[in-house]
Amino acid sequence: MAVEKMSIAKALNESLRLALDTDPKVLIMGEDVGKLGGVFRITDGLQKDFGEGRVIDTPLAESGIVGTAIGMALRGYRPIVEIQFDGFVFPAYDQIVTQLAKMHARALGKIKLPVVVRIPYGGGIGAVEHHSESPEALFAHVAGLKVVSPSNASDAYWMMQQAVQSDDPIIFFEPKRRYWDKGEVDTESIPGQLHKATVARTGTDLTLVAYGPMVKVCLEAAAAAQEEGKSVEVLDLRSMSPIDFDTIQTSVEKTRRLVVVHEAPVFYGSGAEIAARITERCFYHLEAPVLRVGGYHVPYPPARLEDEYLPGLDRVLDAVDRSLAY
Amino acid sequence: MTVESTAARKPRRSSKRTSAAKTPQTSEPQLVQLLTPEGERVQHPEYEIDLTADELRGLYRDMVLTRRFDAEATALQRQGELGLWASLLGQEAAQIGSGRALRDDDYVFPTYREHGVAWCRGVDPTNLLGMFRGVNHGGWDPNTNNFHLYTIVIGSQTLHATGYAMGVAKDGADSAVIAYFGDGASSQGDVAEAFTFSAVYNAPVVFFCQNNQWAISEPTERQTRVPLYQRAQGFGFPGVRVDGNDVLACLAVTKSALERARRGEGPTLVEAFTYRMGAHTTSDDPTKYRADEERAAWEAKDPILRLRTYLEKEKAADEAFFTALEEESETLGKRVREAVRAMPDPDPMSLFEHGYADGSSLVDEERAQFAAYQASFADSAEEGN
């Protein structure tokens, strides 16, 4: 066992280092990823050790970054590209949706697009506009893409390894406000499959489903609920496309109540998909409607208002109470 | 003859007279030409080419067969066999000239009209028809002939070509990459980004713009205020305008640009000044936006006619050659016709194939539901019996 305590940022850095070291076809591309090590320093030191040919600083053009990464992948490379912030992915959205997602199908499976698009996402860091968004549903809706988000250091390390090894394009959402949260990483044993949800805490009265930055909030809510005598199970979804509905179903058949929590707007969000599918699968088990807690259908607010917008402990507990009241 | 190499050119002083309000200079081509519309062979100081009679006949054959294939596809669309067709009529020289300049190990990123380039790459023309018939979105293996899938979103492939070329350079290979696009695509941000990336990384890529004067109903004047080949100058690489209806000039200029890329000197923009004689696609009606006289003027510059005149004048081809080619064309037309009509609709279950290389539990679930739904018809049919 090689267990080490490290932050999510460090785990990602170590994982990228391992990927570059293991496979000479792996490349890192993005704005400021070289000398600076990225604005969040996730690629810190990698260019120094692997050179400018492996860790490539790019022009400031997101469509160009993803578009050339596609070309690199067609040539046999495995590019990992960094989009500097969530709100800056949209200039690349066309390349991701019309090209990256579809090219494998267009070629009837004869070519592969092993590209990882890393996107630091979500709010809670007091940033200016376009630096705090949660656009995961926009990508999860697109067939051909897979969308994942780790919530802890171990998953950050291992999910990045699995994403790089995947032959499918992966949109890898990194919960930026958790970058500095520390956790144990066993660098020798893979904890689970990339698209499998995990039970972060067991309970019997209600299931909370979350991913990325909201897992921590849900674990805190479950601990608070425990003090009131309520046993809450917390699932870490980890993958928003595909979604591991089997693990959710197993949990809901036990607890009979489900609340889905995410930062993104509730309207047309991943919570809507989970609520609908679980209602289909577990209709006769449910004691209450599936509830959702998330952002409002408003543009992401200025930093001084984001605490009102982001689901916090109280809003999650309120939903737990409402569900249990049925 | 003017050498149109923008990198070598001194910057001109801007004059108030030539600013905004004036008509852009796109209508006056200053281009590299080796064969005049009258079929006269002319010399160019920078782009010379020496072809045997056999090679000249080969280029002629390529253009004739490509035009025949294109005509057959247009007819098949009119007969309801294809949902759509994007004709290349008039652009044969640009495509065959540039296509025959390529080496086998070069890689091509086409748009959706490069039937002539596909021909040069050895792609069976019937493979191009699947997407227009609606049985697939491409379907061929791009790595078989180093000919990527047709890209419908305008200009996207110029970035793929650039990234691929960056990979070629990284591999230390001396092959080159060519990206095809049109005058309309030149307005897209992706094309500008491809120019930026290819220039700063010195990527071995040739940008081959077929300026066919019309982006559906929008004229080139709606895309640019300066001749397109001059765009390259601002990005730091050479741009050349070539007579796109002159197969010899297209061959020579493309070859030179590819060799430059192979030498590690980076990208080149080639603007093939040509004309789309037909509609943008079979859904389009060019009579609504352009005058008949314009097409007539370009017909006089027909790429096939001028090479035939030259071949006859030089006695490089005899009547037997033209007759045999005529027969070969008809055989090709028949083969294409039969192949399209025989093209089966895909199996409904194939809906769920190829979305993901590694599979997806979501697709598995939906596939199972669809299979059960399909099977329910079989059950009810049995019950009915």
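In chain B of this predicted model, helix H6 (residues 156–171) packs against helix H7 (residues 189–200) at an angle of about 15°, with the axes 7 Å apart. Helices are DSSP runs of H or I of at least four residues, strands are E runs of at least two, and both are numbered from the N terminus. Axes are lines fitted to C-alpha atoms, for helices over the stretch in contact, and angles run from 0 to 180 degrees between N-to-C directions. H6(B) is therefore roughly parallel to H7(B) (angles under 35 degrees).

The contact (heavy atoms within 4.5 Å) involves Ser156(B), Thr158(B), Leu159(B) and Thr162(B) on H6(B), and Asp190(B), Val191(B), Glu193(B), Ala194(B), Phe197(B) and Ser198(B) on H7(B).

Chain A has an open sheet of five strands with mixed pairing, in the order E9-E11-E10-E13-E14; two strands pair if DSSP finds at least two bridges between them. Strand E9 (198–201) and strand E14 (291–295) of chain A are the edges, each pairing on one side only. Neighbouring strands are turned against each other by 25° on average, direction ignored. E9(A) runs antiparallel to strand E11 (residues 232–236) of chain A, joined by three bridges; Val199(A) has Leu235(A) as its bridge partner in E11(A).

Helix H9 (residues 245–255) of chain A packs on this sheet, and its direction makes about 175° with that of E11(A). Helix H12 (residues 313–324) of chain A also packs there, touching E10, E11, E13 and E14 of chain A.

Residues are numbered from 1 along each chain as its sequence is written, and chains are lettered from A in the order in which they are written. Local features need pLDDT of at least 70, and side-chain values use heavy atoms, without hydrogens and water.

Key:
This is a predicted model: local features need pLDDT of at least 70, side-chain atom pairs count only at pLDDT 80 or more; totals for chains, interfaces and linings use all residues. Angles under 35 degrees count as roughly parallel, over 145 as roughly antiparallel, 65 to 115 as roughly perpendicular and the rest as oblique.
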